[in-house]
Amino acid sequence: MARADRLARIDADRIGYETDYRAALIAALETTAKGRWGLFGHQGKKGETPAVVATIAALTELGETIDASRETLGLEPFALHAAFVAARGPVRSDAVGEPKQAQAWLARLARESTGDL
């Protein structure tokens, strides 16, 4: 019974962490959608501000905590964090800018939360 209780606690924590991650990512995306570059790292180190670096570090730490919980529970890695990490980095010169990319992410997350996939 102790193992089941421990796993239930880990799962409850995981759900809370995922909710926190989503909220933090949405807040960062909203800031980016308003024109503040750096979240997606399109400009490399040049576009990073201390606030962006702190946001990315917090999201990364939380994403790693979630993935560790998911691994303990035998679940797949946290898809939202994996997608965010994959979306970061330099892009071709003709790629959409970070504000438009953030708007697209916000629209996708809104659709997912309402079940309109």
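## Aromatic pairs

Rings of Phe, Tyr and Trp (its six-membered ring) count as a pair if their centres lie within 6.5 Å. In this predicted model, a search of the whole structure turns up 4 aromatic pairs. Let's look at two of them.

In one, the ring centres of tyrosine 21 and phenylalanine 78 are 5.2 Å apart and the planes stand at 85 degrees, so this pair is edge-to-face. Tyrosine 21 belongs to helix 1, while phenylalanine 78 sits in the loop between helix 2 and helix 3 (79-87), so the pair ties together parts 57 residues apart in sequence. Buried or exposed, what are tyrosine 21 and phenylalanine 78? Both of these residues are buried.

## A ring cluster

The other pair is phenylalanine 84 with tryptophan 105, which is also edge-to-face, at 6.3 Å centre to centre and 90 degrees between the planes. Here phenylalanine 84 comes from helix 3 and tryptophan 105 from helix 4 (residues 98-114), so the pair ties together parts that are 21 residues apart in sequence. Phenylalanine 84 and tryptophan 105 are both buried.

Which residues do ring pairs link into a cluster? They are Phe40, Phe84 and Trp105.

## Helix 1 against helix 2

Two packed helices are described by the angle between their axes and the distance between the axes. For helix 1 (residues 2-33) and helix 2 (residues 50-73), the axes come within 9 Å and cross at roughly 155 degrees. Angles over 145 degrees count as roughly antiparallel, which makes helix 1 roughly antiparallel to helix 2. The crossing of helix 1 past helix 2 is left-handed.

Helix 1 contributes residues to this contact that include Leu7, Ile10, Arg14, Tyr21 and Ala28, and helix 2 contributes residues including Leu59, Gly63, Ile66, Arg70 and Leu73. Sorted by type, the residues of the contact divide into 11 nonpolar, 5 polar and 6 charged.

## Leucine 73 in focus

One residue of that contact is worth a visit in your viewer. Leucine 73 is located in helix 2, and its relative accessible area of 23% makes the residue partly exposed.

How many Å separate the C-alpha atoms of leucine 73 and arginine 111? The separation is 27 Å, for two residues that are 38 residues apart along the chain.

Notes:
Residues are numbered from 1 along each chain as its sequence is written. This is a predicted model: local features need pLDDT of at least 70, side-chain atom pairs count only at pLDDT 80 or more; totals for chains, interfaces and linings use all residues. Side-chain values use heavy atoms; hydrogens and water are left out. Axes are lines fitted to C-alpha atoms, for helices over the stretch in contact, and angles run from 0 to 180 degrees between N-to-C directions. Helices (H or I, at least four residues) and strands (E, at least two) are DSSP runs, numbered from the N terminus. Angles under 35 degrees count as roughly parallel, over 145 as roughly antiparallel, 65 to 115 as roughly perpendicular and the rest as oblique. A crossing is left-handed if the near helix is turned anticlockwise from the far one by less than a right angle, and right-handed if clockwise. Contact means heavy atoms within 4.5 Å. Ala, Val, Leu, Ile, Met, Phe, Trp, Tyr, Cys and Pro count as nonpolar, Asp, Glu, Lys and Arg as charged, and the others, Gly among them, as polar. Buried means under 20% relative accessible area, exposed over 50%, partly exposed in between (1.4 Å probe, protein chains only). Rings of Phe, Tyr and Trp (its six-membered ring) pair if their centres lie within 6.5 Å; planes under 30 degrees apart count as stacked, over 60 as edge-to-face and the rest as tilted.
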